[in-house]
Amino acid sequence: MGKHGRLIGKGILFIAILFTVIQLAYRVIVPKFFYQDIWGTSATFVGFYQMEKDTVDVLFFGSSLSATAYIPQELYDSYGIASYNLACEQQNLVTTYFWLKEALGYQSPEVVVLDCHLLFPYKTHEPLNSPEVSTRKAFDYMRWSGVKWEAVKTICELDENQSKMSYYLPNIRYHNRWKDLNREDFAFWEMREHYERKGYAPLPEACGEGHEPFIASASAEEMEMVPLMKEYLDKITDLCKQEGISLVLTNVPSVVISVEKYNALQRYANEHDLLFLDFNEKALAEEIGFCYPTDSADGAHLNLWGAQKVTDYIGQILTDRYDVAAVSDEQWESTKSYYEDLEKDCALVHITDIDEYLTALKEEVEKDRYSVFLSGQGSYSLYLKEETLSKMRELGLEITLQDDPTKESFYCYYAVIADGTVKEYIGYDELNTNGTIRNGTIPYDITGTGSIMIEEAETSKRGDGINIVVYHNATKKVLDSVCFHTAEPENAASR
């Protein structure tokens, strides 16, 4: 090889190294919304590419209302239907259209279910009816292809505040993030392995507030759709017809939906021969047994139990009306236990009886899913019952009642159950201890007077009683923090 050839070789090597460095920097600096988060948007889109080609028969799209409403695993477990939820927070119809085009390059769905919340005015000062951050969440993890090139071009033409170059080289957009990087930013490849929820965002809360569904015939007025969103709904409708896909329009239960929106969507559905399901319409809400205080997380989004009701109804429609066949697929079979555990996680935060709570903890501690921190405060042992002490001992604790209950203010208790070991202290000194869990990666500091610090943040309720913090070992997040007021006869719980 001559001198000229060696120079070319060095140049190619330099460009290859430079490209690799840029790609690594891109992977690190782009924000990640992991599977550990309820809103695991990044994992939703990264995980979609891990699905085997042409195995998904139903796709869900829409905003966060849709992400919390449709549970692919529930649909599979109950009906054998293979689905994936590609909804994300504040997903506008432009985003939906391009992600549908992208999805069709990998899957051949029989049915697309679209929640229509963002068809109507939402962020009216934004050209795309939703903020840039939501658009970036959806497209930062789309693979580069003709679809993404077209999407970026379209987005930047519609919104002059966004630039093509920031999509081509995200380092430009996120250069200020270097100072805020954390360990999750260096674990992109781990995220590719955790898409068990298949786009579903589980919410455990219950809003506790009522809301009356509307009666469909109560008004003839219609709310006007945002023109750009209507344009892209037309594109979605045309694309589905072109590909032989059945399109179903929906409004999930939410206080933001009105009879005027219903009327506009029903007329559109009639004009295009589409099925439209509005779960805010009184007859349908009653048919699925929807109850806002217990099934809605915050009035707008569904919790797990509300989502199960909506998903079950959709499953019946997909089976009876669209003849979507049941399948057996390892991609959903292998995540059944994950979903069962998810249900337990959501249920835990609603348990108010201390004995029932400790029983629920026992199985998950034995499976090493939870790390548990306990700290007594005040007269915490004054009304501790023997049955409760027995439950605590089943967790491996050796707690006993002090001989002199008049000395509660000097009587300390704390315990840490993690990594297969128990660290416990009971005595008359205000002692504290610190350490780490999860192979030395998660630091804690706990006192015998109520405080439970995890990663330098106070997580305890610090109530007068037994304070319990449950740390989820898989998601690396605090799952629940509760105080059982064992200084009072009722042992009531507060969160």
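Buried means under 20% relative accessible area. The close-ups below come from a predicted model.

**View 1. Y357 and F484 form an edge-to-face pair.** F484 has a relative accessible area of 0%, so this residue is buried. Y357 is buried too, again with a relative accessible area of 0%. The model holds 23 aromatic pairs by the ring-pair rule. In the pair of Y357 and F484, the ring centres lie 5.2 Å apart. Their planes meet at 65 degrees, which is why the pair counts as edge-to-face. Y357 sits in helix α18, residues 354–366, and F484 in strand β14, residues 477–484. The pair therefore ties together parts that are 127 residues apart in sequence.

**View 2. F373 and Y444 form an edge-to-face aromatic pair.** The distance is 5.3 Å centre to centre, with 65 degrees between the planes. F373 belongs to strand β6, residues 370–376. Y444 belongs to strand β10, residues 442–447. These parts are 71 residues apart in sequence, so the pair ties them together. Both F373 and Y444 are buried.

**View 3. Ring pairs build a cluster.** Its members are F45, F48, Y49, Y84, W99 and Y106.

**View 4. K123 lies over the face of Y122.** Here the distance to the ring centre is 5.5 Å.

**View 5. K148 lies over the face of W144.** In this view the distance to the ring centre is 4.5 Å.

Notes:
Residues numbered from 1 in each chain as written. Predicted model: local features only at pLDDT ≥ 70, side-chain atom pairs only at ≥ 80, totals over all residues. Heavy atoms only, no water. Phe/Tyr/Trp six-rings, centres within 6.5 Å; stacked < 30°, edge-to-face > 60°. Helix = DSSP H or I, 4+ residues; strand = E, 2+ residues; numbered from the N terminus. Buried < 20%, exposed > 50% of the residue type's maximum accessible area, 1.4 Å probe, protein only. Lys NZ or Arg CZ within 6 Å of the ring centre and 35° of its normal.
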